[in-house]
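These exercises concern aromatic rings and their surroundings. Work through each task before reading its solution.

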Amino acid sequence: MVLLTFRLKVKNAETGATVEMELDGDNTVDEVIESAATFWNKDMGAYVLRKGKKVLRGGSTLGDTGVMAEDVLELIPDPEGG
Amino acid sequence: MPRPKIVRETRRRPVERAPPPRDSLAPHEWLSDESRAEYEKVLASGHPFELYVSRHAEATMRSHAQAEAPRRLEVMGFMLGDVCSWRGRAYATVRDVVTTDLDSTQSKVRFDRDALPKLFGGLDGTGFDYIIVGWYHSHPGHTCFMSRTDLETQRTMFDQPYHAALVIDPLNEDFKAFKLSGAGYEEVPFALTDALAPAGPARKKTRRLRAQSFSPRPP
């Protein structure tokens with residue numbers, strides 16, 4: 001199988017910072033969240049990833065979710081109050 | 001399969017901008033005497049407040065909390081704005097807030113998992129390049145403080161120096177802002193201002209939301 005490498009951006013909604021990632025279509029959403037969260041010293045379990053209004057689900061591959069090169073995804077905190 | 005590789009980071013620097021003018025500022029009507037004294041102290045110092053909240057954002061948060069107060073349900077949302085700097089001092093502005101349907105009880109609140117698309121639509125509808133500068137939630141009848149859960153959320157997600165947590169008690173009419181401080185937290189003085197407005201689309205969206213769900217009451 002030929003895996004095509006592409007780039008996309010992930011924005012940190014809490015800081016406005018953006019990382020550019022190199023990945024392929026078989027990478028999962030969880031891997032994207034983990035990479036970004038680790039880079040920003042965050043707990044990946046506390047975040048969700050969105051593309052527009054769509055929540056990108058953890059185990060899905062980027063190919064399955066329709067993410068494409070040059071997309072800008074956003075890492076959104078998932079807070080709990082008590 | 002190789003892991004995603006981060007090849008570059010672009011950081012957003014604080015905008016160098018004068019804070020909202022003094023004649024646009026006011027303390028929140030629900031401040032305690034102690035909080036009001038801290039507000040006056042910052043005002044007299046001539047230095048910027050650490051946090052400025054637009055009248056529009058305040059009214060939306062308060063109305064949201066009041067709408068669920070009769071059932072004593074907590075509410076929650078994000079505060080959207082910008083991080084600025086003026087003469088070496090950083091401050092945050094809250095222009096607007098967004099929320100969605102909640103999974104809420106009298107002592108816990110989260111965004112409903114199925115309602116995240118609605119939250120994301122709200123973010124896209126703000127009409128400006130926001131930063132989530134903090135979050136708000138309510139403690140109906142429990143006074144304003146940071147619970148263990150709140151503190152964990154703050155540490156995990158809102159750990160930048162400008163990140164604030166606004167806590168509203170709509171039954172006791174209490175309204176406080178907090179930030180992390182060492183291993184705990186501290187109350188921070190904030191100012192309401194008329195000088196910050198949401199972008200056009202957000203104003204329309206918020207009006208519609210309030211008309212459907214809230215019963216806003218002027219402070």
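**Exercise 1.** Does A:Trp40 count as buried or exposed?

Solution. The model is predicted: local features need pLDDT of at least 70 and side-chain atom pairs count only at pLDDT 80 or more, while totals for chains, interfaces and linings use all residues. Residues are numbered from 1 along each chain as its sequence is written, chains are lettered from A and ligands numbered from 1 in the order in which they are written, and side-chain values use heavy atoms, with hydrogens and water left out.

Step 1: buried means under 20% relative accessible area, exposed over 50%, partly exposed in between (1.4 Å probe, protein chains only).
Step 2: A:Trp40 has 12% relative accessibility, so A:Trp40 counts as buried.

**Exercise 2.** Classify the pair of B:Tyr52 and B:Tyr91, and state which strands hold the two residues.

Solution. Step 1: rings of Phe, Tyr and Trp (its six-membered ring) pair if their centres lie within 6.5 Å; planes under 30 degrees apart count as stacked, over 60 as edge-to-face and the rest as tilted.
Step 2: the centres of B:Tyr52 and B:Tyr91 are 5.4 Å apart with 80 degrees between the planes, an edge-to-face pair.
Step 3: B:Tyr52 lies in strand 4 (residues 51-54) of chain B and B:Tyr91 in strand 6 (residues 89-98), so the pair ties together parts 39 residues apart in sequence. Strands (E, at least two residues) are DSSP runs, numbered from the N terminus.
Step 4: B:Tyr52 is buried at 2% relative accessibility, and B:Tyr91 is buried at 2%.

**Exercise 3.** Which residues form one aromatic cluster?

Solution. The cluster consists of B:Tyr39, B:Phe49, B:Tyr52 and B:Tyr91.

Terms used
Helices (H or I, at least four residues) and strands (E, at least two) are DSSP runs, numbered from the N terminus.
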